[in-house]
Amino acid sequence: MCEEKNEELIFKEKLDESVESFGKGSQEGAKVSIRNCQDFFGCVSISHQKQIADAFDIDEKYIKTIIKFIPSIKESKVEYEIVCCSGPRCAKNGSMEVLKTVKKELGMDFNETSADGKIRLRTQNCFKKCKDGPNIMINGKFYHNMNAEKTKEVLEKIK
């Protein structure tokens with residue numbers, strides 16, 4: 001617990017230094033702090049996201065957006081981050097079948113982490129890759145034109 005406390009204090013000091021260097025409201029400073037947090041803790045937890053947003057006096061939604069668009073940044077320490085498109089165009093192309101297959105194969109629901117902490121499963125409304133849907137993204141890599149069989153094959157490699 002003491003070691004964890006020290007890590008938090010060190011991170012807070014680095015965050016304060018970034019705010020001093022970049023200034024309040026700096027989106028670039030927030031990006032640097034997000035990367036520092038990722039490097040330091042292996043992820044950017046919800047509490048760290050809030051801490052960074054508060055320090056730079058910017059909206060937490062901006063922090064979440066950065067994390068969403070930089071595949072190397074993780075919200076939790078998992079080996080595989082699986083994100084399934086739940087947008088309307090993918091749904092028209094059969095994504096509901098894919099979503100059901102993912103849940104069944106992994107034995108978990110969306111916005112959950114597996115018991116062993118290895119896999120996190122979530123959805124995203126749209127990847128803006130509708131013509132290639134249904135889509136799944138695993139650790140930042142896209143899998144397009146998915147169906148139940150292709151989904152099973154991809155998941156078998158990571159289970």
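Helices (H or I, at least four residues) and strands (E, at least two) are DSSP runs, numbered from the N terminus. The views below come from a predicted model, in which local features need pLDDT of at least 70 and side-chain atom pairs count only at pLDDT 80 or more, whereas totals for chains, interfaces and linings use all residues. Residues are numbered from 1 along each chain as its sequence is written, and side-chain values use heavy atoms, with hydrogens and water left out.

**View 1**
Five strands make up an open sheet whose order is S2-S3-S1-S4-S5 and whose pairing is mixed, where two strands pair if DSSP finds at least two bridges between them. Strand S2, residues 112-113, and strand S5, residues 141-143, are the edge strands, and each of them pairs on one side only. In this order, S1 stands between S3 and S4, and the next two views take up this strand.

**View 1. Strand S1 and its two neighbours.**
On one side, S1 is joined to strand S3, residues 119-124, by 6 bridges, and these two strands run parallel. Within S3, Ile119 is the bridge partner of Tyr80. Strand S4, residues 136-138, is joined to S1 by 3 bridges, and here the two strands run antiparallel.

**View 2. The side chains of strand S1.**
Strand S1 spans residues 80-85 and is mostly covered, since 6 of its 6 residues are buried (buried means under 20% relative accessible area, exposed over 50%, and partly exposed in between, with a 1.4 Å probe and protein chains only). Tyr80, Ile82 and Cys84 point one way from the strand, while Glu81, Val83 and Cys85 point the other way. Both sets of residues are buried, including Glu81.

Rings of Phe, Tyr and Trp (its six-membered ring) pair if their centres lie within 6.5 Å, and planes under 30 degrees apart count as stacked, over 60 as edge-to-face and the rest as tilted. By this rule the model has 3 aromatic pairs. One of them is the pair of Phe11 and Phe41, which is edge-to-face, with 5.6 Å centre to centre and 75 degrees between the planes. Phe11 belongs to helix H1, residues 2-22, and Phe41 to helix H2, residues 27-41, so their pair ties together parts that are 30 residues apart in sequence. Phe11 and Phe41 are both buried. The ring centres of Phe40 and Phe41 are 5.0 Å apart and their planes lie at 85 degrees, so this pair is edge-to-face as well. Phe11, Phe40 and Phe41 form one aromatic cluster. Phe40 has 32% relative accessibility and therefore counts as partly exposed, while Phe41, at 11%, counts as buried.

Glu60 has its place in helix H4, and because its relative accessibility is 35%, Glu60 counts as partly exposed. Asp57 is found in the loop between helix H3, residues 46-56, and H4. Phi of Asp57 is near 60 degrees, which is a positive value in a residue other than glycine. With 59% relative accessibility, Asp57 counts as exposed.

Most residues other than glycine have a negative phi, and most peptide bonds are trans. The peptide bond that leads from Gly133 to Pro134 is cis, with omega near 0 degrees, and Pro134 is found in the loop between S3 and S4. Asn145 is not a glycine, yet it has a positive phi of about 50 degrees. Asn145 lies in the loop between S5 and helix H7, residues 148-156, and at 42% relative accessibility Asn145 counts as partly exposed.
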